[in-house]
Amino acid sequence: IGVPVVDALSITEKTFDTSFLKEDIRGHKASLAAGGGFSRCLDKIGWMDSISRMLVVTGEETGRLSASFYQIARDTELELQARIQLLIKLLEPTLIFVMGLSVGFVVIGTVLPIFDMSGVIK
């Protein structure tokens with residue numbers, strides 16, 4: 001049921017549009033095909049956090065690399081959800097303020113001509 005890592009990286013490479021990610025994956029494929037470890041490939045990646053690297057090293061040493069990847073994906077998803085929720089919480093007051101200004105301009109635009117008409121009638 002498993003897919004060889006080199007084949008999985010070939011498939012993954014096709015999903016990216018960014019050239020530097022494709023180059024990273026090509027380099028990792030070559031290193032893995034030459035017999036290098038997966039964790040050594042990840043040491044070259046500057047944007048990957050140290051906890052994920054440690055999980056990969058542990059998974060590689062214990063033979064449970066897929067479980068490590070699952071844990072990394074789960075942690076990353078939870079972190080992303082938390083950041084999105086924080087962004088939404090920060091965006092709500094801003095939207096309420098903008099809507100209040102919009103309603104205020106509509107009310108002023110409606111009421112001001114009425115007051116001008118009452119001044120003309122006197």
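## Second largest pocket

In this predicted model, the second largest pocket has a volume of about 220 Å³, where a pocket, on a 1 Å grid over the protein atoms alone, is an open set of points where a 1.4 Å probe fits, with protein on both sides within 12 Å along at least five of seven lines. Grid points are joined across faces, edges and corners, and a volume is the space filled by probe spheres set on the points.

The lining, meaning residues with an atom within 4 Å of a point, consists of D49, I51, S52, L55, I72, D75, T76, E79, L80 and R83. By class, four of these residues are nonpolar (Ala, Val, Leu, Ile, Met, Phe, Trp, Tyr, Cys or Pro), four are charged (Asp, Glu, Lys or Arg), and two are polar, the class of the others, Gly among them. Both α4 (50-62) and α5 supply at least two lining residues, and α5 contributes the largest share, with six; helices here are DSSP runs of H or I with at least four residues, numbered from the N terminus.

## Largest pocket

The largest pocket has a volume of about 580 Å³ and is lined by 21 residues, of which L9, T12, F38, L42 and F69 lie nearest its centre. Two or more lining residues come from each of α1 (5-13), α2 (19-33), α3 (38-43) and α5 (65-121), with α5 giving the most, five residues. The lining comprises 16 nonpolar, three polar and two charged residues.

## Basis of the values

Residues are numbered from 1 along each chain as its sequence is written, and side-chain values use heavy atoms, with hydrogens and water left out. Local features need pLDDT of at least 70 and side-chain atom pairs count only at pLDDT 80 or more, whereas totals for chains, interfaces and linings use all residues.
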